[in-house]
Amino acid sequence: MATEEEDLQRIFFLECEELVASAEQSVETLRAGGTQDDAINALFRAVHSIKGGAGAFGLDRLAKFAHAFESFMDLLRKGRATLDAAAIDLLFDGVDVLRMLVDEAQNGTQAPPQRYDAAFSALRKAAGLETGPADSAPEPAAPDPTAGIEFEAPAAAALRQYRIVLAPGPRMLAAGVDPLRVIANLKALGSVSVEIDASDLPALEALDPAVCHLRWTIALETSAPRDDVDEIAGMIDDLADVAIEDLTPPEPEAPPEPVVPTAEAATAEAATAAAAPVAAPAAGAPVPDTRREKPVATVRVDVPKLERLGNMVGELIITPAFLARQASDLDTEKHRRLFRALDEMSQHIRDLADAATSIRAQPLKVVFSRFGALVRDLEKSTGKRIRLEVSGEGTEIDKTVVERLSEPLTHLIRNSVDHGIESAEKRLAAGKDPVGLLKLSAEQRGTHVAIELSDDGAGVNRPRVLAKAIERGLVSPGANLSDQEIDDLLFVPGFSTAEAVTSVSGRGVGMDAVRATIAEMGGQVGLVSRTGLGTTFSLHLPLSLAILDAMVTLVGLHSYLIPTSAIIESLRPAASALVRMDGQNTLLAWRGSMLRILSLGAEFSVPGAMDDPTRGILVIVKPAGGELIALQVDDLIGQEPVVVKSLERNYRKVRGISGATILGDGRPALILDLPALGAVMARRPRAEAGTNAG
Amino acid sequence: MGGDSAIDRLELPATGELAALGNLKTVLLDRLAAGQAVHLDARHVHEPSTALVQLVESAAAAFAARELAFGLV
């Protein structure tokens, strides 16, 4: 019973998360000058849905705030308020506070009262719900967020009368929905009078407290659109019978919209007609609602169930490889149908795996949409001016990854603003636009998603980083480090160059945690910085945490897997392409560059591995953000989809290995951790001659 | 307890949970069977739920039918 109500609330809060993200996205679209009607309507619907749910669960502060927000949106969509910069600021502020109030309702973390009061008052004022001066504003010195917003006083919309008969079904109370809350929601729309019908109330002995035996007839007089009434009824339509009758007398010959009799207003109304249908033309007549898109039917599924499905599909995916190996000795001509069936099964299982992956996928918009507010807050706290450009937010990735990305990306953005982008004065002095540019982008590359955050700031201050590293004993004085090696110091645990710990970043606990979090998800973080021009962080993440496309290689008698997305090329080098350095390092001359060679046999002390690169294969890989390296293996076996298993969970963490798997032939194999191997190479001394042969 | 002068005072559950109301119904039926008058203490109920309202209504009818004192305090 109570658990059922908790379940319903949990679903509501999940929906709120999506609705707030959608609302923020709409405001971003409005700020960017996107299609106004669509974005305004989407924002209106998101806020409206939050209001409805909040009312049903008795979350009064959230419901009241959403109501004020929705009222302002209503003026905007009817063209009665102007959407200028001040209005957009107010909308951003409204979404921020909405998110805080959802969090408050869900987790009990109270939204900052001053922030709430200011935004609530500003929205009410902008919506024409509060006509006097903002005397309730707690901070008279704070700028009035509604200053500059032009809005007309809301015209008195025609009152309509409805008779609503509410007959709860047998499950309504048990589902945690109280009819009295529904009546309270209707009351918020206008004036109501309620009659209770208790004629079915049984004698005490026969009364089941979990079943509602009462019925209500509610007379509602409201200026709210019919949609609002339908919305409240719609929230309980599977738990109760709700009959709504429009008792408003038909208007005599009056035009349907007597509000603002100007040509502009008429045009504006026409433009938004699809978004704001007028009240029902006649009692009981259905109102065609052209505003709403047909919703996509959805089902909520518990994550553990999805994980189980993913695991089962993962186990299935190695079956075709196993069967293909078993069948490899058969005559292909004689068994043509068998081989065709194997091919088809393999394809179907790949499709199934893709479908299972896509079920868990969510657009990055869910997390990206939060950063507009973050950047605005950072602008305020640092005094810097920043423009955030977001692209590729529709790129989808595993839900678990999306959820875990927020923290590392937040830290990277804070870091870019704090350490990368200069103040407006410094930028002007350097001949740059005073407004710093922060670009956040995402795109799918094969079985991975690449996320980049770049700024056009000053770049990594390498002398300062090196000095700090020496001061902290991380690097010995006089060490000769490459730029990449210095940049890599930023990811060393506890490293921070901040002169003083700021509220923005500089606590020295972030960059190593960013790398660790991304690595835990099977991803890599890279950094490329150019002095005076800016810094780019690259995150390379697998689409799915469970399945990986890998190249199976042989070293001695052991199999090592290389993620195919990182492979640039594989080759058997001629002796003339190899340059031996100081008896320890060997470099490969490749397309005008000298690449370091990392022998997996030597690195993992594999018995029987080939020493001579000219007899083996070099696989050239690019760890995200790192330098190209050539991995020396004995042979390539072939490409295979594999199910990633955690080595750490089942054994312990091994440097250079990100996980393990079982191959199609049943043998275990280790999956290489390329960023870690790249870091191993970066730390090794490198002869000057080899650094750049291009 | 017991006797005409003693009116049993029962506290209404503040949250109006259905399980608590089920228990209250059992207690009310006991009192009814024992011919015991009751007063329901509603001091902790800030927002009565539908389930609570209908239980109280039904109880009021049952006690009135037996001419036993029933009320809210």
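This is a predicted model: local features need pLDDT of at least 70, side-chain atom pairs count only at pLDDT 80 or more; totals for chains, interfaces and linings use all residues.

Me: Which residue of strand 2 of chain B stands opposite Asp8(B)?
Reply: Strand 1 (residues 8-11) of chain B runs parallel to strand 2, and four bridges join the two. In strand 2, the residue opposite Asp8(B) is Val38(B).

Me: How many helices and strands does chain A have?
Reply: Chain A has 694 residues, of which 38% count as buried. Among its contacts between residues at least 6 apart in sequence, 70% join residues at least 24 apart. The count for chain A is 22 helices and 22 strands.

Me: How do the residues on the side of chain A that touches chain B divide into nonpolar, polar and charged?
Reply: The contact takes 19 residues from chain A and 17 residues from chain B. On the side of chain A, the division is 16 nonpolar, one polar and two charged.

Me: Are helix 9 and helix 11 of chain A roughly parallel or roughly antiparallel to each other?
Reply: Two packed helices are described by the angle and the distance between their axes. For helix 9 (residues 303-317) and helix 11 (residues 336-359) of chain A, the angle is about 160 degrees and the axes are 10 Å apart. Angles over 145 degrees count as roughly antiparallel. Helix 9 and helix 11 of chain A are therefore roughly antiparallel.

Me: How do the residues of the contact of helix 9 with helix 11 of chain A divide into nonpolar, polar and charged?
Reply: Helix 9 of chain A passes helix 11 of chain A in a left-handed crossing. Helix 9 contributes residues including Leu306(A), Gly310(A) and Val313(A), and helix 11 contributes residues including Ile349(A), Leu352(A) and Ala356(A). The residues of this contact divide into ten nonpolar, one polar and no charged.

Me: Which strands are the edge strands of the open sheet of five strands in chain A?
Reply: The order of this sheet is 6-8-9-11-10, and its pairing is mixed. Neighbouring strands are turned by 15 degrees against each other on average, direction ignored. An edge strand pairs on one side only, and here the edge strands are strand 6 (386-391) and strand 10 (524-530) of chain A.

Me: Which residue of strand 8 of chain A stands opposite Arg387(A)?
Reply: Strand 6 of chain A pairs with strand 8 (residues 436-445) of chain A in the parallel sense, over six bridges. In strand 8, the residue opposite Arg387(A) is Leu437(A).

Me: How many of the nine residues of strand 11 of chain A are buried?
Reply: Strand 11 of chain A pairs with strand 9 (residues 448-455) of chain A in the antiparallel sense over eight bridges. Strand 10 of chain A also pairs with strand 11 in the antiparallel sense, over seven bridges. Strand 11 is largely enclosed by the rest of the structure, because the number of its nine residues that are buried is seven.

Me: Is Arg591(A) buried or exposed?
Reply: Arg591(A) lies in the loop between strand 16 (585-590) and strand 17 (593-599) of chain A. Although Arg591(A) is not a glycine, its phi is positive, at about 45 degrees. Arg591(A) has 11 other C-beta atoms within 10 Å, so Arg591(A) is exposed.

Notes:
Residues are numbered from 1 along each chain as its sequence is written. Chains are lettered from A and ligands numbered from 1 in the order in which they are written. Two residues are in contact if their C-beta atoms, placed from the backbone, lie within 7 Å. Ala, Val, Leu, Ile, Met, Phe, Trp, Tyr, Cys and Pro count as nonpolar, Asp, Glu, Lys and Arg as charged, and the others, Gly among them, as polar. Axes are lines fitted to C-alpha atoms, for helices over the stretch in contact, and angles run from 0 to 180 degrees between N-to-C directions. Angles under 35 degrees count as roughly parallel, over 145 as roughly antiparallel, 65 to 115 as roughly perpendicular and the rest as oblique. A crossing is left-handed if the near helix is turned anticlockwise from the far one by less than a right angle, and right-handed if clockwise. Two strands pair if DSSP finds at least two bridges between them. A residue is buried if 20 or more other C-beta atoms lie within 10 Å of its own, exposed if 12 or fewer, and partly exposed in between; C-beta atoms are placed from the backbone.
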